[in-house]
Every structure is written in C-alpha cells, then in structure tokens.
Amino acid sequence: MAKFELVMPKMGESIIEATILSWAKAIGDEIEQEETVLEIATDKVDSEVPSPVDGILLEQRFKEGDVVPVGEVIAIIETEMEEDSHASGNGQPKEEPVEELVTVDVPYVPSGQPSMDTVAVSNSEGSRFYSPLVLNIARTEGIPMGELEALSGSGRDGRVTKKDILAYVKNRGAGVVVTTTVAEPVKQPVTPKIQPQQPVAQPKPQPQITFSHSGNYEIMEMDRMRKLIAKNMVNSKHVSAHVTSFVEADVTNIVLWRQKVKNHFEKQYGEKLTYTPIFIQAVAKALREHPMVNISVDGENILIKKDIHIGVAVALPNDNLIVPVIKHADRLNLAGLAAAVNDLATRARQNKLKPEELEGGTYSVSNVGTFGNVMGTPIILQPQVAILATGAIRKIPAVIETPAGDFIGIRQKMFLSHSYDHRVVDGALGGRFVKRVGDLLESWDLEAGI
C-alpha cells in the first residue's frame with residue numbers, strides 16, 4: 001500500500017488559488033481512477049478534480065469553502081501502488097521539494113494607479129503574502145496598505161484570504177470601525193512599470209447605499225457567478241467611457257446561402273451551421289484591417305494585440321453569462337469557427353470549460369438576436385476596448401436600387417451595435433469598424449462554397 005497526495009491543480013496561468021466548493025467523496029470512500037473527488041471554483045470557472053489513481057480516501061486536508069493555493073496537498077488517497085512508485089497529485093513521479101516562494105518588496109498600488117506584477121507585500125515587521133485576488137479587491141474597494149496589513153487572516157500562516165477581505169469589506173461598508181496601530185511601511189525604491197506624467201487623483205471610497213423596500217417581495221442572495229458578473233459590469237462602466245454606434249446590414253444573401261448549404265455542411269463536417277461563426281469570421285477580418293480596435297489600455301500606454309482572440313458570450317441555463325474565447329479566430333475557416341463555437345457553447349452550458357478557455361480575449365461578440373432582441377448596447381469586457389452585439393434578423397420592406405430604377409422589396413436585415421471605449425477609440429474608428437463588418441456581411445457570395 002502507498003499514500004498518494006492529491007494536490008490543488010493549476011487552473012490557468014493567472015490563477016494561484018481555488019475555493020473548495022464540495023467534496024464528492026467522504027473519508028473512507030473508494031475512488032476509481034478519473035472519478036471526481038471534489039469540486040473547486042476560481043474567479044473564472046468551476047471545475048471538478050478527478051483522482052489519477054484507484055484507492056480509498058484517507059484524509060481531507062481542507063474543508064468546503066476553504067481557499068487553497070495551487071500545488072497544496074488537498075487529500076490523501078491510499079492506493080495499491082508500491083511505495084517507490086509513489087506519485088504526486090499531478091500524475092508524475094514525486095520530485096524533491098522546490099524552493100519556497102520568495103516574497104518581493106514591492107509597493108501596494110491603490111485603485112486607479114498602474115498595476116504591477118505583485119506577488120508579496122512587506123512591512124517593517126516582516127513580509128506577508130497577498131494573492132493577486134486579495135490585492136485586486138483591496139484596490140477596488142479603496143483599502144490602503146496600512147488597513148490591509150491590520151487584517152487578521154484565517155488562511156495558513158495568517159494569510160488573508162478572499163473570504164477574509166470580503167467579510168471585512170461588508171463590515172466596513174456597514175460602518176464598522178476597526179482601530180489598529182500599524183507600523184509605518186518601509187519605503188523601498190521601486191521603478192514602476194508605467195510612470196504617469198501627472199499624479200492621478202484617487203476617488204474616495206463611496207459609502208454603501210441602502211434602500212428601503214415595501215410591498216410583497218422575496219429575498220434571494222446572488223450566487224457566486226452573479227456577484228462576479230455584477231462586479232465586473234460595474235467596474236467596466238467605471239473604467240471605460242462607453243459609446244455605441246449602430247449599423248443596419250442587409251444579410252439576405254447570408255440567409256439564403258445558409259438555407260441552401262446547412263444540411264450539406266452538417267453532413268460534411270458534423271457541425272450545425274449557425275449565424276454566429278459567420279459573424280465572427282467577418283469580425284476577425286475587420287479586426288485584422290483595424291488593429292487599433294484590437295487593443296487594451298495599461299495606464300497611459302496602449303497595447304496593440306497581434307493575436308485575434310474573440311470571446312463569444314454564452315447564456316447559461318441559470319441565465320448567467322460566460323464568455324469563452326476562440327483563440328486565433330482569424331486563422332480558422334468557417335468550418336473551424338463553427339466547430340469552435342458549438343464546442344465552447346456546449347461545454348459552457350455543461351460547466352466543463354477549462355480556465356484557459358476564458359482568458360486572453362481581445363474582442364467580444366454577443367448575439368442578442370438569439371433572444372429575439374433587435375439591438376443592444378453591450379458592456380465592454382475588460383481589459384478589451386470594444387464589443388459587438390448582433391441583433392435579430394428580420395424580414396422588412398426595403399428600397400432596392402437597380403439600374404432600371406428603385407423598387408420596394410422584402411429583405412432580411414439586422415442591426416449591429418458596436419460599444420467601444422472612447423478613451424482610445426474615437427467615433428470615426430468605432431463607426432468605421434462596425435460599418436466594415438456590415439459591408440462584409442452584405443457582400444456575402446451566394447455561390448460561396450463550404
């Protein structure tokens with residue numbers, strides 16, 4: 001018999017910890033290889049952790065609700081493997097311990113200032129580790145470094161966890177005052193990644209607004225994903241100066257072409273042909289022609305993205321929203337885009353997406369026409385600077401121009417709504433981009449192959 005260490009898996013490049021949602025197996029339960037042991041969650045996605053071995057669960061190192069660093073041993077499984085073949089939780093032979101994380105003396109950056117690659121924060125009494133998630137919440141809530149240092153953490157070695165800081169923010173907003181004497185942090189000379197030409201005035205933390213309610217109503221707490229969506233949407237409105245331009249496109253040729261080829265397309269490629277991959281193909285081409293829309297903002301710098309990674313908004317069965325990303329969308333043909341869209345949408349609704357499939361988007365598309373909406377004003381997904389909403393395709397009377405004269409006919413038309421960040425995308429560029437997408441859709445070749 002041997003003891004197998006199941007560790008918290010790495011869920012993506014930017015993720016260093018995960019929350020244990022529930023244990024699927026109790027101590028003493030038999031476990032088969034690839035059978036789910038527990039469910040975990042990050043700020044990006046929920047996931048199941050399978051067992052790489054057959055055995056019996058001997059020990060659960062953490063409880064439900066605990067935030068656990070990546071690489072930490074979370075469970076012990078007794079297996080029938082020989083001791084000398086003992087493997088670690090990633091399925092590889094166990095190696096000698098690596099060096100512990102070294103803390104780096106870098107300053108805490110308040111909300112609104114350029115961010116740094118912070119891995120730890122030091123004060124005059126020693127070093128204390130803060131995860132990027134905790135630091136991000138502190139920045140968003142306007143919590144200064146001295147106040148953060150005063151918090152007592154429930155994590156290992158007194159580390160402040162996400163649960164600790166969210167509980168503190170809740171009490172802080174309710175007017176609970178914490179009086180603590182904190183040593184003045186040691187100032188270290190650091191060269192910032194971005195040096196603003198002028199200091200930026202920081203907004204003061206806004207007091208929590210309470211409302212009185214009357215009448216007959218039911219109280220339902222937001223689930224974890226809804227809280228994240230709410231926070232991200234409000235944050236995007238605070239960060240970006242949203243402007244929306246609209247274009248109406250005649251997509252009659254696309255409707256007729258799809259009706260003609262969709263059965264043959266499914267038979268040849270094994271994929272249903274929806275309108276979404278056609279829209280994404282046009283967007284990808286327009287982004288290649290307009291690189292200043294495929295950007296993000298870092299302080300006073302503009303980052304021009306060389307890759308085109310398009311996020312596709314997917315509505316989940318519980319009415320929440322998730323945006324998986326099609327990487328290098330401009331390199332895929334229509335069949336490849338259809339396969340990617342169908343696969344990501346299906347696994348999103350089954351809660352089977354990988355964290356890396358939700359990262360790295362440079363532009364997003366939301367097909368609000370799926371719900372019968374004519375148009376919308378979508379909110380930008382940070383740190384992107386633009387997003388396109390495609391409305392419902394409708395039969396409407398339209399003026400048709402011909403060399404012999406104009407006449408009224410029935411056409412299939414739709415609205416394209418392009419929301420963009422007016423800090424870096426002006427109306428001329430934002431309007432020209434969505435007009436180009438419309439032109440590409442209108443010029444669809446009825447005789448195009450598949």
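The structure holds 12 salt bridges. A salt bridge is a side-chain nitrogen of Lys or Arg within 4 Å of a carboxyl oxygen of Asp or Glu. This is a predicted model, where local features need pLDDT of at least 70, side-chain atom pairs count only at pLDDT 80 or more, and totals for chains, interfaces and linings use all residues. Residues are numbered from 1 along each chain as its sequence is written, and side-chain values use heavy atoms, with hydrogens and water left out.

**Stop 1: Arg411 and Asp250**

Select Arg411 and Asp250. Their side chains form a salt bridge, 2.9 Å from N to O. Arg411 sits in strand E21 (residues 405-421) and Asp250 in strand E11 (residues 242-250), so the pair ties together parts 161 residues apart in sequence. Strands (E, at least two residues) and helices (H or I, at least four) are DSSP runs, numbered from the N terminus.

Is Asp250 buried or exposed? Asp250 is buried, at 16% relative accessible area. Arg411 is partly exposed, at 23%. Buried means under 20% relative accessible area, exposed means over 50%, and partly exposed lies in between (1.4 Å probe, protein chains only).

**Stop 2: helix H7**

Move to helix H7 (residues 334-349) and pick Asp343 and Arg347. They are 4 residues apart, about one helical turn. Asp343 is partly exposed at 37%, whereas Arg347 is buried at 17%. The Asp343 to Arg347 contact is 2.9 Å, N to O.

**Stop 3: the open sheet**

Next, show the strands of an open sheet. It has 4 strands in the order E1-E8-E6-E3, with antiparallel pairing. Two strands pair if DSSP finds at least two bridges between them. Which strands are at the edges? They are E1 (2-7) and E3, each pairing on one side only.

Zoom in on E6 (residues 55-60) and E8 (residues 73-79). These antiparallel strands are joined by 4 bridges. Click Gln60: its bridge partner in E8 is Ala75.

Then select Glu59 and Arg61. They form a salt bridge, with the closest N and O atoms 2.7 Å apart. Arg61 is partly exposed at 40%, and Glu59 is partly exposed at 33%.

**Stop 4: Glu30**

Finish at Glu30. Glu30 lies in strand E3 (residues 30-31). Glu30 is exposed, with a relative accessible area of 63%.
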